[in-house]
Amino acid sequence: MDNERPLHHLTRRGILKGAALAAVPYALLSGPPASAQPSKDYPDGEWYPASSANYTASRRPSAYKIDRVIIHVTQETYIGALNVFSNPAKQVSAHYVVRSADGHVAQCVRETDVAWHAGNWDYNTRSIGIEHEGWVDQPSYFTNALYEQSARLTATICAKYGIPRDREHIIGHYQVPGTDHTDPGVNWDWVRYIRLVNFA
């Protein structure tokens with residue numbers, strides 16, 4: 001604290017300005033009201049929107065049936081992936097990103113919209129894409145928290161859309177026709193993950 005600064009004396013004008021500011025409703029000072037933010041599809045997630053240039057607005061599941069969950073690995077940090085999705089030049093997004101350290105979930109695209117995550121339009125239209133922070137060749141990123149929170153998210157999605165909780169409907173990016181991706185890679189424990197999804 002700077003004790004050598006001169007003290008400001010209250011003036012009539014200062015008091016009136018303070019009173020006027022105090023009379024302004026808090027909602028006007030705190031940014032847009034909560035209703036201006038899109039409601040999240042997953043209550044435990046944080047809304048971190050992708051650029052609208054990186055997904056297709058839709059009305060799923062009436063426009064397209066949702067019958068798959070696609071598991072990805074970011075090959076990037078959590079915040080790096082969120083920054084990529086918010087960059088309109090990148091032309092890529094996923095519905096969710098799960099952080100390695102604690103399993104925190106960010107939602108980037110509404111489930112009703114088509115995220116550009118699979119590299120295959122048909123699979124994009126019919127799936128929810130979940131990215132997981134980490135690298136396919138660094139299994140230390142696949143923490144207990146990441147598996148558990150991701151499995152809760154996937155179980156919620158499966159329940160909402162009537163998706164069977166099995167490997168035919170919960171797939172890796174590498175299983176998408178035409179892809180050149182290998183994620184989530186050989187270090188992803190599918191047996192553990194499907195078990196967690198079924199017990200969530």
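This is a predicted model: local features need pLDDT of at least 70, side-chain atom pairs count only at pLDDT 80 or more; totals for chains, interfaces and linings use all residues.
Reader: What about contacts between residues 24 or more positions apart?

Author: Such pairs account for 73% of the contacts with a separation of 6 or more.

Reader: Let's take helix 6. Which of its residues are buried?

Author: Helix 6 covers residues 190-199, and its buried residues are Trp 190, Tyr 193, Ile 194 and Val 197.

Reader: Why do they line one face of the helix?

Author: Seen down the axis of helix 6, the buried residues fall within an arc of 95°, so they line one face. In general, an α-helix has 3.6 residues a turn, so residues three or four places apart point the same way.

Reader: What covers those buried residues of helix 6?

Author: The cover includes strand 3, strand 7 (127-132), helix 5 (144-161) and strand 8 (170-172).

Reader: And which exposed residues sit on the face turned away?

Author: Val 191 and Phe 199 are the exposed residues there, on the face of helix 6 turned away from its buried side.

Reader: New topic. How much space lies in the largest pocket?

Author: About 250 Å³. The pocket is lined by 17 residues, and the closest to its centre are Val 73, Thr 74, Gln 75, Glu 131 and His 181.

Reader: Which elements give two or more residues to that lining?

Author: Strand 3 (68-73) and helix 3 (78-86) do. Helix 3 gives the largest share, three residues.

Reader: How does the lining split by class?

Author: The lining has six nonpolar, eight polar and three charged residues.

Reader: Back to Gln 75. Where is it in the chain?

Author: Gln 75 is in the loop between strand 3 and helix 3. Its phi is positive, about 55°, although Gln 75 is not a glycine. With a relative accessible area of 39%, Gln 75 is partly exposed.

Reader: What's the story with Gln 91's phi?

Author: Gln 91 is not a glycine, yet its phi is positive, about 60°. Gln 91 lies in the loop between helix 3 and strand 4 (96-98). Its relative accessible area is 44%, so Gln 91 counts as partly exposed.

Reader: Is Thr 125 buried or exposed?

Author: Thr 125 counts as buried, at 4% relative accessibility. Thr 125 belongs to helix 4 (residues 121-126).

Reader: What is Thr 125 in contact with, leaving aside neighbours within four places in sequence?

Author: Arg 60, Tyr 64, Lys 65 and Val 114. Pro 61 is 64 residues from Thr 125 along the chain, and their C-alpha atoms are separated by 9.3 Å.

Reader: What kind of peptide bond joins Arg 60 and Pro 61?

Author: A cis one, with omega of about 5°. Pro 61 is in the loop between strand 2 (55-56) and strand 3.

Reader: And the bond from Asp 183 to Pro 184?

Author: That peptide bond is cis, with omega near 10°. Pro 184 is in the loop between strand 8 and helix 6.

Notes:
Residues are numbered from 1 along each chain as its sequence is written. Side-chain values use heavy atoms; hydrogens and water are left out. On a 1 Å grid over the protein atoms alone, a cavity is a set of points where a 1.4 Å probe fits but cannot get out, and a pocket is an open set with protein on both sides within 12 Å along at least five of seven lines; lining residues have an atom within 4 Å of a point. Grid points are joined across faces, edges and corners, and a volume is the space filled by probe spheres set on the points. Helices (H or I, at least four residues) and strands (E, at least two) are DSSP runs, numbered from the N terminus. Ala, Val, Leu, Ile, Met, Phe, Trp, Tyr, Cys and Pro count as nonpolar, Asp, Glu, Lys and Arg as charged, and the others, Gly among them, as polar. Contact means heavy atoms within 4.5 Å. Buried means under 20% relative accessible area, exposed over 50%, partly exposed in between (1.4 Å probe, protein chains only). The arc is that of the directions from the helix axis to the C-beta atoms.
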